[in-house]
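User: I am new to this structure. Please show me how to read its features, one at a time.

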Amino acid sequence: MSEQEQFDTLGGGTQNPRKAPSLGVGNQYIRSITFNVHGAPEVYFNLPTQPHIGLRLDVNARQIGENQPNFEVTLVAGAQGFRAAPSEQTPQPDVLYDIELSYSGLFVVQNAQPQEVETLLLVEAPRLLFPSARSALLNLIREAGFPVSNIQPVDFLALWQARRGQG
């Protein structure tokens with residue numbers, strides 16, 4: 001038996017093999033970008049060596065085709081570059097730039113029960129999209145002429161659980 005198979009016990013002790021749920025990845029692409037530099041060109045005369053990046057993330061999924069296992073998952077990353085990190089003394093630091101990046105991927109869900117689909121699309125799919133979306137975001141910041149900071153990995157399971165707790 002392959003490692004991809006699980007057993008579901010049905011009434012009477014009968015066991016039927018069930019393949020593990022999987023998420024097939026197709027194309028990944030930038031769906032849209034908005035980049036706004038505040039106060040250009042003067043902003044470039046006195047740049048901090050390492051601006052602070054504020055990041056907000058959202059994940060959306062939509063089915064492509066009726067009764068099909070195909071989905072488009074979009075990771076929306078909103079980022080703001082600040083002259084410094086917010087603090088008690090400066091709760092609203094100067095904004096250097098705003099970015100809105102929508103990074104999408106095409107996915108195929110296979111062998112999943114209905115209750116597993118949401119987790120696959122809103123946790124696993126963005127986990128696969130995030131490295132490329134982060135790279136695109138950091139490249140945009142660099143190409144716009146700003147120093148680049150690192151963006152740490154994101155725990156999409158915790159984000160999904162927090163979002164479900166709000167609903």
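Analyst: Start with a hairpin. β4 and β5 form one, with six residues between them. In its turn, Gly65 has a positive phi of about 85 degrees. The names come from DSSP runs: helices are H or I with at least four residues, strands are E with at least two, numbered from the N terminus. This is a predicted model, where local features need pLDDT of at least 70, side-chain atom pairs count only at pLDDT 80 or more, and totals for chains, interfaces and linings use all residues. Residues are numbered from 1 along each chain as its sequence is written, and side-chain values use heavy atoms, with hydrogens and water left out.

User: Which residue other than glycine has a positive phi near 55 degrees?

Analyst: That is Asn67. Asn67 sits in the loop between β4 and β5.

User: In which sense do β4 and β5 pair, and over how many bridges?

Analyst: Two strands pair if DSSP finds at least two bridges between them. β4 and β5 have twelve, in the antiparallel sense. Take one example: Arg56 has Gly78 in β5 as its bridge partner.

User: What is the strand order in the open sheet?

Analyst: Four strands run in the order β3-β6-β5-β4, with antiparallel pairing. β3 (22-37) and β4 (52-63) are the edges; each has a single partner strand, so one side of each lacks a neighbour in the sheet. On average, neighbouring strands are turned by 15 degrees against each other, direction ignored. Such angles use lines fitted to C-alpha atoms, for helices over the stretch in contact, and run from 0 to 180 degrees between N-to-C directions.

User: How many bridges join β3 and β6?

Analyst: There are 13, and the pairing of β3 with β6 (residues 95-110) is antiparallel. Within it, Gly24 stands opposite Val108 in β6.

User: Which helices pack on the sheet?

Analyst: Look for contact, meaning heavy atoms within 4.5 Å. Helix α1 (residues 114-143) touches β3, β4, β5 (70-82) and β6. The direction of α1 makes about 140 degrees with that of β6. Helix α2 (residues 156-166) also packs on the sheet, touching β4 and β5. The direction of α2 makes about 70 degrees with that of β4.

User: How do I find empty space?

Analyst: Rolling a probe the size of a water molecule over the atoms shows where empty space is left. The search uses a 1 Å grid over the protein atoms alone. A cavity is a set of points where a 1.4 Å probe fits but cannot get out. A pocket is an open set with protein on both sides within 12 Å along at least five of seven lines. Lining residues have an atom within 4 Å of a point. Points are joined across faces, edges and corners, and a volume is the space filled by probe spheres set on them.

User: What lines the largest pocket?

Analyst: The lining includes Leu57, Val59, Phe156 and Trp160. The pocket holds about 160 Å³ of space. α2 gives the most to this lining, with four residues. By class, the lining has six nonpolar, no polar and two charged residues. Here Ala, Val, Leu, Ile, Met, Phe, Trp, Tyr, Cys and Pro count as nonpolar, Asp, Glu, Lys and Arg as charged, and the others, Gly among them, as polar.

User: How many cavities of 30 Å³ or more are there?

Analyst: One. The largest cavity has about 40 Å³ of space. Among its lining residues are Leu55, Leu75, Phe130 and Arg134. α1 supplies the most, with four residues. The classes are eight nonpolar, no polar and one charged.

User: How many salt bridges are there?

Analyst: A salt bridge is a side-chain nitrogen of Lys or Arg within 4 Å of a carboxyl oxygen of Asp or Glu. The count is eight. One of them joins Arg31 and Glu72, with the closest N and O atoms 3.0 Å apart. This pair links distant parts of the chain: Arg31 is in β3 and Glu72 in β5, 41 residues apart.
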